[in-house]
Amino acid sequence: MDLRAYEELLLREYRNKQKRMLRIRQLHRRIFLVVLTAVLVLLLTVSYHAILSEATTNDKDISFKYYTSIEIQHGDSLWTLAKEYAGEEYASAEDYIHEVMQINHMREETLIAGQYLIIPYYSNIFK
């Protein structure tokens with residue numbers, strides 16, 4: 001191989017290497033742009049939903065669950081207790097009565113005057 005052919009071979013290899021490097025840089029740039037675009041779209045989506053959300057709190061809507069012990073008086077029943085102590089937090093009086101019976105390990109709805117029961121109630125006041 002003569003010197004001129006060798007120089008042309010080296011020059012072609014150099015140009016091919018330069019083209020490969022250019023393609024690699026272009027590929028890296030495209031990947032960067034795709035990732036940047038995805039991040040911007042995600043950021044805009046989150047910002048849009050954050051602006052549209054209406055986060056409102058009413059302190060009066062917050063209620064706290066408490067328990068108290070009461071002495072059963074003559075004529076009291078679980079139904080009268082449910083009317084007095086069950087609030088809007090319970091779907092029905094039956095749900096409240098069921099919870100009272102579970103808390104007090106009762107099998108029957110019968111109450112005896114002088115007996116103490118633990119009953120749940122809700123209040124807007126934090127104690």
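A salt bridge, for this talk, is a side-chain nitrogen of Lys or Arg within 4 Å of a carboxyl oxygen of Asp or Glu. Hello everyone, and let me show you where that term applies. What we have is a predicted model, where local features need pLDDT of at least 70, side-chain atom pairs count only at pLDDT 80 or more, and totals for chains, interfaces and linings use all residues. Residues are numbered from 1 along each chain as its sequence is written, and side-chain values use heavy atoms, with hydrogens and water left out.

So, how many salt bridges does a search of the whole structure find? It finds 2. In general, side chains of opposite charge can pair when their charged atoms come close.

Let's start with Glu8 and Arg4, whose side chains meet at 4.0 Å, N to O. Both residues sit in helix 1, 4 residues apart, which is about one turn of the helix. When I say helix or strand, I mean DSSP runs numbered from the N terminus: H or I over at least four residues for helices, E over at least two for strands. Arg4 is exposed because its relative accessible area is 59%, while Glu8, at 41%, counts as partly exposed. The cut-offs are under 20% for buried, over 50% for exposed and partly exposed in between, using a 1.4 Å probe and protein chains only.

The other pair is Glu99 with Lys65, at 2.6 Å, N to O. Glu99 belongs to helix 3 (residues 93-103) and Lys65 to strand 1 (residues 64-71), so this pair ties together parts that are 34 residues apart in sequence. Is Glu99 buried or exposed? Glu99 counts as buried, because its relative accessibility is 15%. Lys65 is partly exposed, at 34%.

Please keep Lys65 in view, and look across to Ile125. These two are 60 residues apart in sequence, yet 9.9 Å apart in space, C-alpha to C-alpha. You'll find Ile125 in the segment after strand 2 (116-123). Which residues does Ile125 touch, leaving aside those up to four places away in sequence? They are Phe64 and Tyr66, where contact means heavy atoms within 4.5 Å. Ile125 counts as exposed because its relative accessibility is 56%.

Finally, back to helix 1 (residues 3-52), which is where Arg15 has its place. At 49% relative accessibility, Arg15 counts as partly exposed.
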